[in-house]
Amino acid sequence: MKRALISSVLFAGLSFPAMAQDAKPAGAGSAAAGEKKAAMCIGCHGIKGYQASFPEVHKVPMISGQGAKFIASSLDAYRKGDRKHPTMRGIAGSLTDQDIADLAAFYEQHGKAGAATAPEQVPAAPPAVAELLTKGACASCHGANYSKPSDPAYPKIAGQHADYLFVALKAYKTEGAATLGRGNPIRPAQAKPFTLPQLRQSAAYLGSLPAELRTDKEGCVR
């Protein structure tokens with residue numbers, strides 16, 4: 001939204017268990033209502049290849065086809081300040097619980113229209129990356145193909161922009177900054193054992209996989 005609906009990782013964490021963030025309860029989301037509210041999101045998330053410049057240059061995440069529960073929990077984390085990205089905090093802070101539920105419902109449904117289904121088996125990771133993914137227990141949260149999360153509060157990460165995944169993962173290693181980083185009882189401790197080169201390697205592999213996520217301006221708002 002505005003500069004990014006989930007612009008400081010809609011992608012929660014590389015894999016690590018307990019990825020969910022608690023969203024505040026709201027009424028059932030309406031995709032039709034969310035379609036009207038999504039106009040402010042299109043400027044970033046509806047443009048293929050659109051790049052953000054904070055905290056470094058990276059593509060904004062694909063959100064069409066992401067799970068509604070994960071979108072909602074991510075927006076709520078921005079709203080509460082657990083995710084510190086200034087723009088997203090400002091945007092999320094303007095949303096009601098119902099707004100969040102509606103937007104989440106819309107983007108989940110919007111991504112299903114004409115979307116490809118990720119294969120059950122994905123290309124094998126290089127040995128070094130496979131070791132990292134095993135250490136992080138990534139498949140236990142995101143599924144063997146990284147598109148079938150074990151809990152709807154976890155994100156699909158296969159095919160997500162690699163540079164975005166990397167920036168998102170780094171956010172969990174950042175502490176004490178007013179406008180950077182992501183707070184969570186579990187995730188920072190899970191991300192810290194990995195070096196930045198290791199996170200970049202893992203993000204590159206995950207970003208190369210077949211995706212159910214997409215960027216699609218057409219049909220976002222009719």
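This is a predicted model: local features need pLDDT of at least 70, side-chain atom pairs count only at pLDDT 80 or more; totals for chains, interfaces and linings use all residues.
Residues are numbered from 1 along each chain as its sequence is written, and side-chain values use heavy atoms, with hydrogens and water left out.

A disulfide is a covalent bond between the sulfur atoms of two cysteines. With a disulfide taken as a pair of cysteine sulfur atoms within 2.5 Å, the count comes to zero. Cysteine 44 is likewise in no disulfide, the nearest cysteine sulfur, that of cysteine 41, being 9.0 Å away. Relative accessible area was computed with a 1.4 Å probe on protein chains only, with buried meaning under 20%, exposed over 50% and partly exposed in between. Cysteine 44 has 0% relative accessibility and therefore counts as buried, and cysteine 141, at 2%, also counts as buried.

Helices are DSSP runs of H or I with at least four residues, numbered from the N terminus. Axes are lines fitted to C-alpha atoms over the stretch in contact, and angles between N-to-C directions run from 0 to 180 degrees. The axes of α6 (residues 127-135) and α10 (residues 196-207) come within 10 Å and cross at roughly 100°, so the two helices are roughly perpendicular to each other, a class that covers 65 to 115 degrees. Their contact, defined by heavy atoms within 4.5 Å, joins Val129, Leu132 and Leu133 of α6 to Gln198, Gln201, Ser202, Tyr205 and Leu206 of α10. By class, five of these residues are nonpolar, three are polar and none is charged.

Helices α3 (residues 68-80) and α4 (residues 86-93) pack at about 100°, with axes 7 Å apart, and are therefore also roughly perpendicular. Here Leu75, Tyr78 and Arg79 of α3 meet Met88, Arg89, Ala92 and Gly93 of α4, a set that divides into four nonpolar, one polar and two charged residues.

A nonpolar core is a set of buried Ala, Val, Leu, Ile, Met, Phe, Trp, Tyr and Cys residues joined through side-chain atoms within 4.5 Å. The largest such core has 19 residues, of which Leu133, Tyr146, Tyr205, Leu206 and Leu209 touch the most other members. Two or more residues of this core come from each of α6, α8 (162-171) and α10. Apart from it lies another core of 17 residues, among them Ala38, Ala68, Tyr78 and Leu95.

Methods:
Angles under 35 degrees count as roughly parallel, over 145 as roughly antiparallel, 65 to 115 as roughly perpendicular and the rest as oblique. Ala, Val, Leu, Ile, Met, Phe, Trp, Tyr, Cys and Pro count as nonpolar, Asp, Glu, Lys and Arg as charged, and the others, Gly among them, as polar.
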